Amino acid sequence: MTNSALKRAPKFRFGTVGNKSALVDRVVQKIQEQILSERLVVGTKLPPEREFAEQLGVSRTVLREAVRVLSAKGLLETTHGVGTTVRALTREEMVAPLNLFLRSWGRDVSLNHLHQVRSLLEVENIGLAAEQATEEDIQDLRRILEEMEAAKGSPLLFAAKDSEFHRRLAQTAHNPLLTLLLDSIHDLMVGIRELVARESGLVERVMPAHNEML
C-alpha cells in the first residue's frame with residue numbers, strides 16, 4: 001500500500017472496553033454499534049487482530065470470541081488471506097430466525113393463527129400494491145396467474161405458483177419491511193399450500209380470489 005493510500009484508509013477509533021466481566025458481550029456490542037450506525041460500512045476490513053485488541057483494551061482471545069459471535073450473526077466475515085470484513089446481511093439470514101422461531105412453537109401456533117396474521121398483512125399489502133404497482137408488477141402478477149391456471153393439473157406446481165404470486169404481490173407494495181414480514185411466514189405457507197394442493201375443487205375456489213386481488 002502506498003503512503004497516499006495509507007492516508008486515505010479509514011481511521012478506527014474505539015474507546016477502551018476495560019477488563020470487567022462480560023468482556024466478550026461488551027466488545028460485540030461495541031463493534032455491532034459501529035456496523036449498524038454505518039461507521040463501519042459493508043466491505044470495511046477490520047484492523048489486524050493484535051492492533052484491534054489493543055485499541056479495545058482486551059485480549060486477543062476475547063476479540064476472537066467477539067468476532068466469532070458477530071460472524072454467526074452475519075455481520076462479519078473472516079476469509080483466509082484477507083482478514084475480517086464487514087458484510088451485508090442477506091434476506092434469508094433475516095427471515096430464517098423468525099421462521100425457525102415459528103416452527104419451534106409447534107402446537108402453540110395453529111393454522112388459524114397463521115392465516116389470521118397472513119390475512120392482516122396481505123389486506124394491507126393489497127391496498128399498498130394498488131397504489132404503488134408499476135406496469136411491470138401488473139404484468140408479472142398476470143403472468144403468474146396464467147401459470148397457476150396452466151398448472152391446475154399438477155398440485156405441487158400449482159402450490160409453488162400460488163406461493164410465487166403472493167411473494168410477488170408483497171414486492172408490488174414496494175415496502176421492503178412488509179416483504180420481509182411476509183417472507184418470514186412464506187416457508188410455512190408453502191408447506192400448507194402443498195398439503196391442501198390435492199384437495200378436490202381447490203383450483204376452482206382459489207383462482208377467483210386471486211383474480212380479484214389482481
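Q: What makes the contact between the side chains of Lys152 and Glu149 a salt bridge?
A: In this predicted model, a nitrogen of Lys152 and an oxygen of Glu149 are 3.2 Å apart. The cut-off for such a Lys–Glu pair is within 4 Å, so the pair counts as a salt bridge.

Q: How many salt bridges does this rule give?
A: The count comes to 11.

Q: Why is Glu149 called partly exposed?
A: The relative accessibility of Glu149 is 34%. Buried would need under 20% and exposed over 50%, so Glu149 falls in between and is partly exposed.

Q: What makes Arg64 and Glu49 a salt bridge?
A: Their side chains meet at 3.0 Å, N to O. That is within the 4 Å limit, so the name applies. Arg64 sits in helix α4 (residues 60–72) and Glu49 in helix α3 (residues 49–56), so the bridge ties together parts 15 residues apart in sequence.

Q: Are these two partners buried, exposed or in between, and what are the values for Arg64 and Glu49?
A: Arg64 has 44% relative accessibility, and Glu49 has 27%. Each value lies between the 20% and 50% cut-offs, so Arg64 and Glu49 are partly exposed.

Q: Why is Lys161 called buried?
A: Lys161 has 17% relative accessibility.

Q: Which residue does the side chain of Lys161 meet in a salt bridge at 3.1 Å?
A: The partner is Glu164, and the 3.1 Å runs from N to O. Both residues belong to helix α8 (residues 155–172), 3 residues apart, which is about one turn of the helix. Glu164 is partly exposed, at 30% relative accessibility.

Q: Which residues are linked with Lys161 and Glu164 in a network of salt bridges?
A: The network also takes in Asp137, Asp140, Arg143, Glu147 and Arg168.

Q: Which residues of α7 and α11 meet?
A: From α7 come Leu145, Met148 and Glu149, and they meet Val206, Met207, His210 and Asn211 of α11. Sorted by class, the contact has 4 nonpolar, 2 polar and 1 charged residues.

Definitions and conventions: Residues are numbered from 1 along each chain as its sequence is written. This is a predicted model: local features need pLDDT of at least 70, side-chain atom pairs count only at pLDDT 80 or more; totals for chains, interfaces and linings use all residues. Side-chain values use heavy atoms; hydrogens and water are left out. Helices (H or I, at least four residues) and strands (E, at least two) are DSSP runs, numbered from the N terminus. Buried means under 20% relative accessible area, exposed over 50%, partly exposed in between (1.4 Å probe, protein chains only). Contact means heavy atoms within 4.5 Å. Ala, Val, Leu, Ile, Met, Phe, Trp, Tyr, Cys and Pro count as nonpolar, Asp, Glu, Lys and Arg as charged, and the others, Gly among them, as polar.
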